[in-house]
Amino acid sequence: MKNRIVFWGAASLILVCLVAVGGYFYFHPFSPDRGKYPVRGIDVSHHQRQIDWRRVAADDVAFAVIKATEGGDHVDDAFAANLREARAAGLAVGAYHFFTFCRPGADQAKNFISVVPRGQPLLPPVVDIEFVGNCPRRPSPEELSIELSAFVGPVEAAFGKTAILYVTDDAARAYAGQIVGRPRWVRSLALQPSHDQWIYWQYHDKGRVDGITGDVDLNVLQGGQEKLAELVAPPPESISRETPLSP
């Protein structure tokens, strides 16, 4: 009996080790096909602490989407420095807002617009919608549609570009009708997205980039340098309204 317990204990330990090693070699070096997705980028916040943006730019990073605001009054304290230094290093830069469920969308729009500078080349604004780290109460699809429209409308008018939605899988399932047809930033770790209706693809959340201590999210852009230049270009005279938020 004792030998059997020892045997099964050793077998279980070996299995756990094999799974861990297999997972490491499957996930850690994963990188999308560079021939198909040559433009690489990162998204950051104050969690990445001090960033050496010149080293980042030299490590095959072309763009950075930087956290600016959250909710109705929170400002990421690293945003201004990250935006200034990333642009100085030659990266295409943009800003994102973490959308909370416990503040009106109009208040959140005012926060974002007051913090993100206009009159400079910027990637389209991004709205981050997810359940993790958000308010415990989840709005109904109808409620989200109202508040998200109250955020997106003023932001798109202020920056002259259609906002991109970053939506995690669980939030996407809950609010599928509210995000359909909108430009998307998909999160699909180590796996090709199941569809091609996206602008950015976040493929790694524990990546490593020279100039950043610790983990960082890694992304690719759908399209090459021409698409990146298109996204950064000054806005047209009027913004397209062909993709309204569904009720």
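This is a predicted model: local features need pLDDT of at least 70, side-chain atom pairs count only at pLDDT 80 or more; totals for chains, interfaces and linings use all residues.

Trainee: Which residue does Arg-34 meet in a salt bridge?

Mentor: For a salt bridge, you look for a side-chain nitrogen of Lys or Arg within 4 Å of a carboxyl oxygen of Asp or Glu. Here Arg-34 pairs with Asp-60, with N to O at 2.3 Å. Arg-34 sits in the loop between helix 1 (2-27) and strand 1 (40-44), and Asp-60 in the loop between helix 2 (53-58) and strand 2 (63-70), so the bridge ties together parts that are 26 residues apart in sequence.

Trainee: How many salt bridges are there by this rule?

Mentor: The count is eleven. Another one is the pair Asp-205 and Arg-187, at 3.1 Å from N to O. Asp-205 belongs to strand 8 (residues 200-207) and Arg-187 to strand 7 (residues 184-187), so this pair ties together parts 18 residues apart in sequence. Arg-187 is partly exposed, at 31%. Bridges can also share partners: Asp-73, Arg-103 and Asp-107 are joined into one network that way.

Trainee: Now a helix, please. Which residues of helix 3 are buried?

Mentor: With a helix, check where its buried residues point. In helix 3 (residues 79-88), Phe-79, Asn-82, Leu-83 and Ala-86 are buried. Looking down the axis, you find them within an arc of 95°, so they line one face of the helix. Arg-84 and Ala-88, on the other side, are exposed.

Trainee: What do the buried residues of helix 3 pack against?

Mentor: They pack against strand 1, helix 2, strand 2, strand 4 (92-98) and helix 4 (105-115). Arg-84, with a relative accessible area of 51%, also forms a salt bridge with Glu-85, where the closest N and O atoms are 3.8 Å apart. Glu-85 is partly exposed, at 29%. After the helix comes Gly-90, which has a positive phi, near 100°.

Trainee: Which residues does the disulfide join?

Mentor: In general, a disulfide is a covalent bond between the sulfur atoms of two cysteines. The structure holds one, and it joins Cys-102 to Cys-135, with S to S at 2.0 Å. Cys-102 is in the loop between strand 4 and helix 4, while Cys-135 is in the loop between strand 5 (126-129) and helix 5 (141-159), so distant parts of the chain, 33 residues apart, are linked. Cys-135 is buried, at 15%.

Trainee: And the core? Which members of the largest nonpolar core touch the most others?

Mentor: In soluble globular proteins, nonpolar side chains tend to be buried together. The largest core here has 50 residues, and Ile-42, Trp-53, Val-56 and Val-127 touch the most other members. Helix 5 gives the most to this core, with six residues. Leaving aside neighbours within four places in sequence, the contacts of Trp-53 include Ile-42, Val-44, Asn-82 and Ala-86. Another core, of 17 residues, lies apart from the largest one, and Phe-63, Tyr-96 and Val-232 are among its members.

Methods: Residues are numbered from 1 along each chain as its sequence is written. Side-chain values use heavy atoms; hydrogens and water are left out. Helices (H or I, at least four residues) and strands (E, at least two) are DSSP runs, numbered from the N terminus. Buried means under 20% relative accessible area, exposed over 50%, partly exposed in between (1.4 Å probe, protein chains only). The arc is that of the directions from the helix axis to the C-beta atoms. Contact means heavy atoms within 4.5 Å. A disulfide is a pair of cysteine sulfur atoms within 2.5 Å. A nonpolar core is a set of buried Ala, Val, Leu, Ile, Met, Phe, Trp, Tyr and Cys residues joined through side-chain atoms within 4.5 Å.
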